[in-house]
Amino acid sequence: MSMIDYDARPVTPQVVLVGQRASAAGYSIRDFLSRNGVPYEWVEADDAGRVEQLFTGGVDPAQLPLCILPSGERLGPATVEGVATGLGMVSVPRLSEYDLTIVGAGPAGLAAAVYAASEGLRAVAIESLAPGGQAGTTSMIENYLGFPQGISGGELATRATAQARRFGAEILLARRLVDLTKDGPGYVAQLSDGTQVRSRSLLLASGVDWRRLEVPGLNDLLGSGVYYGAGPSEAVTCNGCQVAIVGGGNSAGQAVIRFSRYAARVTLLVRGSSLDASMSQYLIDQVRRIGNVEIRTSSEVVDVEADAHLRAIVVASRGSIDRLPTDALFVCIGGVPRTKGAASVGLALDAAGYVRTGAELSVPADALDRWPLSRQPLPLETNVPGLFAAGDIRSGSIKRCAAAIGEGSMAVALVHQRLAELSGE
Amino acid sequence: MITEGPSKKAIAEFSELASEQQLRSLAEALGRNGVNVSLVGSGEEARDAVRSALPIGAEVYNNTSRTLEVIGVAEDVERSGLYQPLRPRLYQMDREMQGREMRQLAASPDWVVGSVHAVTEGGSLLLASASGSQLGPIVSGAGHVLLVVGGQKVVPDLEAGMRRLYEYCFPLEDLRAKQAYGVPSGVNNVLIINKAVAPGRMTVVLVNQSLGF
């Protein structure tokens, strides 16, 4: 037994990832590992000493990023799917049919998984990246009920995942929904690796993708200094850097708090004239107290300067133009609902692409034209019977973690009603 | 500053495997002190005993322990997917922003698995920790305690146990710490468990094989 246990690092070999910092593929894998709580060592490909220790004779650049799994197996060029499979994180559905398929394992999806499984439903959740969704990357949620000292999004996601699994819910990781078809009164979800999941009902809880910032050249730098969202994997790499964050909501505020601890300076760029309308007050108060943070309202990124990596951003603010040396830009400007995978079932969407449910379906005149039942859609039910939506993807939802959890929990009660209807009770 | 391992005298005194009779007597003594005991013949059997004891899905903190590494228990806990290992989870957490969460998790796991530095023939267990973080859960924080103890750790009494700790274990651990962390170790906190009062909470897997330090 050892007398030092300061850092509690795992004692077994961890994942080693070798690549170039300015690599979108490397960033995707780092992001995946961080969000899933898998410790890893990142090795820059030009760190000759460390690379030689790992690979006698060096590495072939065409094989980057390279991944050494704890088993010793080497993958190159590594992909998220390959690494996930190598770590044993990709499982097959245990059942030929479920009562409920949940698309997305963010707060809404995990809550639904917990309630569904705890109430005896055969439930499976499909998650493309990591349990927790957007909330899972939040460094500290201070206003979620029951946690007076706050709780990190990652920890909340970890506990919820353990809770869901304890009740018997399955979680299929590293795959996304690519198509959805009706199978009688039920559904068949087609996943990105060819897996098919059959169920009697389905809950869309896939949240949103980050809205893209339309600035010339910016999206070419994805992973090379430009990032959507503010995942934990890049925080440590921003030590001493100049960081800029675009956005006025809570996600942007949480990102400021996280990165301010590592970066030399963090500049928060907000298009609006103030943060009051978009950010929770406790976050505004915290952000304002941080010494190395500058808040610029009425400001927008209009251009970028880069070689292989971002070097500077150009900011327009109240008629003036500024060039800011920037090593990393994190864009947190709201979301585009992830409905593409379910497009073929003909979901009714609002003008912004969010999924209409319940009473919202009576708003556009034709939303229920093909509604086959004598009853009205249940709350959270879409225009397709037995297909529900919860959380950020849903039109009119309150974009807060607690609201998403509430909707995911509520959806299960409605699923029970639907299942009873199918059983002819 | 210690730059070498233990002396030849310490090695001779503290690395010898106890006899089978001594281990059986020790098992009885531990039992009288409220400790459940599983007496096994090898590290492999010890690993099986740990697997049998840990419920699937249990939240487990595996203490830093050469014994656990050598017999594969550390790997079972951290990599098998059968349990909820706390070490990887803690490693990923932010010490500054999640310090309180980390302390709570590390201080009161459902299960703590580790070893000891010495066990007296009378059934007292001795452990040292530089930071002290490993001791609290064993004493009272953890729901269940599982200690794998190699037979070379048996000593006649507490005085010999403390000498084993200072003269044998500490020099070995100090060398290891400098190699692993670049910093020396220290006998900063010492725990002596004479009796386990919570029925069923503490189990020792006593191994008729030299394991660890």
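User: What makes chain B agree with a compact globule in its radius of gyration?

Analyst: In this predicted model, the rule of 2.2 Å times the number of residues to the power 0.38 sets the expectation. For 213 residues that puts a compact globule near 17 Å, and chain B has 17 Å, so the two agree. Along the principal axes, its C-alpha atoms fill a box of roughly 45 × 40 × 30 Å.

User: Happy with that! What share of chain B is called buried, and on what grounds?

Analyst: A residue counts as buried if 20 or more other C-beta atoms lie within 10 Å of its own. Of the 213 residues in chain B, 48% are buried.

User: Why are β8 and β9 of chain B said to stand at the edges?

Analyst: Good one to check by eye. The order of the open sheet in chain B is β8-β5-β6-β9, with mixed pairing among the 4 strands. β8 (154–155) and β9 (189–193) each have a single partner strand, so one side of each lacks a neighbour in the sheet.

User: How do you know that β5(B) and β8(B) pair?

Analyst: Pairing requires at least two bridges. β5 (residues 118–120) and β8 of chain B share 2 bridges, in the parallel sense, so they meet that cut-off. Look for Val119(B), which stands opposite Val154(B) in β8(B).

User: And which helix packs on this sheet?

Analyst: That is α9 of chain B, residues 158–181. Helix α9(B) touches β5, β6 (125–129), β8 and β9 of chain B, and its direction makes about 170° with that of β5(B).

Notes
Residues are numbered from 1 along each chain as its sequence is written. Chains are lettered from A and ligands numbered from 1 in the order in which they are written. This is a predicted model: local features need pLDDT of at least 70, side-chain atom pairs count only at pLDDT 80 or more; totals for chains, interfaces and linings use all residues. Two residues are in contact if their C-beta atoms, placed from the backbone, lie within 7 Å. Axes are lines fitted to C-alpha atoms, for helices over the stretch in contact, and angles run from 0 to 180 degrees between N-to-C directions. A residue is buried if 20 or more other C-beta atoms lie within 10 Å of its own, exposed if 12 or fewer, and partly exposed in between; C-beta atoms are placed from the backbone.
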